[in-house]
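The following exercises are to be worked through with the sequence and the structure at hand. Each task is followed by a solution in steps.

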Amino acid sequence: MTALTSHLKLLEAESIHIFREAAAQFRAPVLMYSIGKDSTVLLHLARKAFWPAKLPFPLLHVDTTWKFRDMIAFRDRTVREFGLDLIVHTNHDGLARNINPFDHPPSVYTDVMKTVALRQALDAGGFDAAFGGARRDEEASRAKERVFSFRAAGHRWEPRRQRPEMWQLLNGRLGKGETVRVFPLSNWTEGDVWRYIALEKLDVVPLYFAAERPVVVRNGQLIVVDDERMRFEPGEKPVLRQVRFRTLGCWPLTAAIESDAVDIESVVEETLAARVSERAGRLIDHDMAGAMEMKKREGYF
Amino acid sequence: MHVAALREEVEAKAAAARATYGGALLRLLTCGSVDDGKSTLIGRLLWDAAGVSEDQRAAVALASHNRAVNGEKIDFSLLLDGLQAEREQGITIDIAWRYFETRARRFIIIDSPGHEQYTRNMATGASHADLAILLVDARHGAKRQTRRHAAICDLVGIKKVVLAVNKMDEVGWSEARYREIEADFRGMAGSFNFAQVTIVPVAALTGDNVVSRSTEMSWYAGPTLLDYLEAVDPEAVQTDTPFRMPVQLVLRAAGDFRGYAGTVTSGRIKTGERIVDARSGLGATLRRISTMDGDRSFAAKGDAVTLVLDTDLDISRGAVLSEVPRRPTNADVIETRLVWLSETPFDPEVGYLLRTATDLTPVTSISVSALVDFETLAATPAHACSMNDIADCRILLGRPAAIDLFRDLPLTGNFVLVSAIDGATVAGGVITWAQAGAPQVGDNVLVLNRELLARGVCADLGESPADLAEFHRRAQEVAALLRSVGVPVLIEI
């Protein structure tokens, strides 16, 4: 028996309900696994939803080749531990064109290595539904999402034409060419995710905990140098600082925060006390107004 | 680590406050006609009750300055209108979900659009809410769209409504004007099943009576909006409701594991108790309640569990497991009240499917009997319905489905109508009356009883659970075939 609060129990049951509704109604679902804290909770809930049966769908990781090394190690460990079926996809065309976060603006890099890559992987696998860990509290356009978020042919999100979604009834009948993004964590907040990780004693990538890491400061953002591909500006030298991450993505585009939170309890405390929103550290979201909505329209989850 | 220490103290205080208030989650809808100031009101609530982070504050302050709709003031609606089209046009298109906590409780705020063309989004939001704040502009009072929204709140089962009389600053904080709107709304609310109606005069732009008490309206002695929202009880907890668990899927695993996965929608169940599949009438004893955290001895409303039975009922997704004494109706005719959501009007020639809890049932026919008139709120005879209408309909089903009445058990008494052509959700509604086997026993009804079936169709079947399941399956099939050529049939086995 777990010692979840009544609120987390409610959220957990709702997410399990969503997983089961999707698995029952869609022909070929896949779980978009991006290794971070939300994916960790997502995967845990999926295992609960179908236990003692095996997960009735594979995991998909879109690897831009710029993820933190700790993330990839964690991913591989998780897959081994739970005996999961993992698909790793990289946009090789983008790689051949050397699309990278240093030479290209975040919008171009994200479009090619994440959005296009995701579309390629979903099409290649013939998936009609993809679970994602997006939460409505993350960002303004995500606050507008349905739990079953329908995408027209080409994975386009049409925010003006979302399907009504009443009560607990999730209608998964697809029209021609349509696919669905399914968001079981829609009603979770960042605080809920951390409290759940703490109470369920889930393992997360060590980058979420404060440690001394090599940091350079750019435009006021702390960038941790994760490998030798870092492009230093003249005179720039990494300095060891006590930092951690609130969200994880591609290392050149994900800013760290200064923190002394070295364990789960202090991370929970810090999160609940935070005065700045979570995605403030996501450099790709600041590229232009409505950046997330643009990405979603083009097929990003 | 002084930040953490400070936080601990704050958390402890918050926890103590929540304990005194009960602290239950409140899902809150804001609705009303366009331009009555919904997004501004909620933005103000978030801003003043500290639900906004520093970077969001800065971004909104900057964007407000660029837009300058209120001169130098903050445009609070920017906190909610998250779509580009919304920001460009200055309107709300789809519902926005916001999450925040105060010292007293957690809130989910569902901000819904006022424009008539986006009513389907408002209906989506309303169906997830415990309580609705209905806004009116003090200068105009309740409009047609206000009444439509109130009717939709009523339809989806909201029992508590707050009328926020907004823009009181624009009518010189006039008590007389407020009393006029109050009387009008109390009269109108009588047409609905609301259990509690509260009326608060506010000015969202200045914040009067939203979080802080207004100094302009000393004649008002009631609570501020936030005071009320922090204290209100989210739902009347129903006790002693019958057990229901709609089956979502059948889980099979190693060691002959076979369990029915679903969420309990009402009541509770213990291991060792008898349960029945309402559609086939087959019963079994509950052997295990299985979860990844270990087996449990009981499950109650809201729990997502997997039930293992002592005998193998041949049932699948769509079945409703229920307690034996108080079962759902195995209905093939239902009376409903629904809100039509699709841009394409109701067409009796088009195929529809009825989606109840986890079941999808083909619809034989739908006939509209009345529409709600949004001027008088009376039901008036009608035969057609189109987008944003609220209609009373009789629906004949292609096969019986396990159905409860919405007023008794909302989660097994609600439905959406699905287009058989493109899968779209065209309407959402509630079941107000249900009847098993359209015809009554009596004239010209063929009663399919055990003897009749055992004589031939089921002559090869014995008494084993598998055979009994097959017996019931054949009975349903025979009935369906006969009904399809117009023979009224009643199954009595």
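**Exercise 1. The interface and the makeup of chain B**

Determine how many residues of chain B are in contact with chain A, and how they divide by class.

Solution. The model is a predicted one. In it, 52 residues of chain B contact 50 residues of chain A. On the chain B side, the residues that touch chain A comprise 24 nonpolar, 14 polar and 14 charged ones.

Turning to chain B as a whole, its secondary structure amounts to 10 helices and 24 strands. Chain B has 493 residues, of which 45% count as buried. Among its contacts with a separation of 6 or more, 71% are between residues 24 or more positions apart.

**Exercise 2. Two helices of chain A**

Classify the relative orientation of H1(A) and H2(A), and list the residues that form their contact.

Solution. Step one is the geometry: the axes of helix H1 (residues 6-25) and helix H2 (residues 37-50) of chain A come within 9 Å and cross at roughly 70°. Step two is the class: angles from 65 to 115 degrees count as roughly perpendicular, so H1(A) is roughly perpendicular to H2(A). The crossing of the two is right-handed.

Step three is the contact itself. H1(A) contributes A:Glu12, A:Ser15, A:Ile16, A:Phe19 and A:Arg20, while H2(A) contributes A:Leu45, A:Ala46, A:Lys48 and A:Ala49. Divided by class, this contact holds 5 nonpolar, 1 polar and 3 charged residues.

**Exercise 3. A cis peptide bond**

Which two residues of chain A does a cis peptide bond join, and where does the proline lie?

Solution. The bond joins A:Trp51 and A:Pro52, with omega about 5°. A:Pro52 is found in the loop between H2 and strand E2 (59-62) of chain A.

**Exercise 4. Two helices of chain B**

Repeat the analysis of Exercise 2 for H5(B) and H6(B).

Solution. Helix H5 (residues 119-126) and helix H6 (residues 144-156) of chain B have axes that come within 9 Å and cross at roughly 40°. Roughly parallel requires an angle under 35 degrees and roughly perpendicular one of 65 to 115; H5(B) is therefore oblique to H6(B). Their crossing is right-handed.

The contact involves B:Thr119, B:Met122, B:Ala123 and B:Ala126 from H5(B), together with B:Arg148, B:His149, B:Ile152, B:Cys153 and B:Val156 from H6(B). These residues are 6 nonpolar, 2 polar and 1 charged.

**Exercise 5. An enclosed helix**

Why is H2(B) described as largely enclosed, and what covers its buried residues?

Solution. Of the 11 residues of H2(B), 9 are buried, and the helix is therefore largely enclosed by the rest of the structure. The buried residues are B:Lys38, B:Ser39, B:Thr40, B:Leu41, B:Ile42, B:Gly43, B:Arg44, B:Leu45 and B:Leu46. Their cover includes strand E1 (26-32), strand E2 (96-101), strand E3 (106-111), strand E4 (131-137), E5 and helix H8 (225-231) of chain B.

Take B:Ser39 as one case. This serine lies in helix H2 (residues 38-48) of chain B and is buried, with 25 other C-beta atoms within 10 Å. B:Ser39 and B:Leu78 are 39 residues apart in sequence, while their C-alpha atoms are 8.0 Å apart in space.

**Exercise 6. The nonpolar core**

Which residues touch the most other members of the largest nonpolar core?

Solution. Of the 201 residues in this core, they are A:Leu31, A:Val182, B:Leu28, B:Ala126, B:Ala132, B:Ala164 and B:Val165. Strand E20 (residues 390-403) of chain B gives the most to the core, with 8 residues.

Leaving aside residues up to four places away in sequence, B:Leu28 touches B:Phe107, B:Ile108, B:Ile109, B:Ile110, B:Ala129, B:Leu131, B:Ile133 and B:Leu229.

Definitions and conventions:
Residues are numbered from 1 along each chain as its sequence is written. Chains are lettered from A and ligands numbered from 1 in the order in which they are written. This is a predicted model: local features need pLDDT of at least 70, side-chain atom pairs count only at pLDDT 80 or more; totals for chains, interfaces and linings use all residues. Axes are lines fitted to C-alpha atoms, for helices over the stretch in contact, and angles run from 0 to 180 degrees between N-to-C directions. Helices (H or I, at least four residues) and strands (E, at least two) are DSSP runs, numbered from the N terminus. Angles under 35 degrees count as roughly parallel, over 145 as roughly antiparallel, 65 to 115 as roughly perpendicular and the rest as oblique. A crossing is left-handed if the near helix is turned anticlockwise from the far one by less than a right angle, and right-handed if clockwise. Two residues are in contact if their C-beta atoms, placed from the backbone, lie within 7 Å. Ala, Val, Leu, Ile, Met, Phe, Trp, Tyr, Cys and Pro count as nonpolar, Asp, Glu, Lys and Arg as charged, and the others, Gly among them, as polar. A nonpolar core is a set of buried Ala, Val, Leu, Ile, Met, Phe, Trp, Tyr and Cys residues joined through C-beta atoms within 7 Å. A residue is buried if 20 or more other C-beta atoms lie within 10 Å of its own, exposed if 12 or fewer, and partly exposed in between; C-beta atoms are placed from the backbone.
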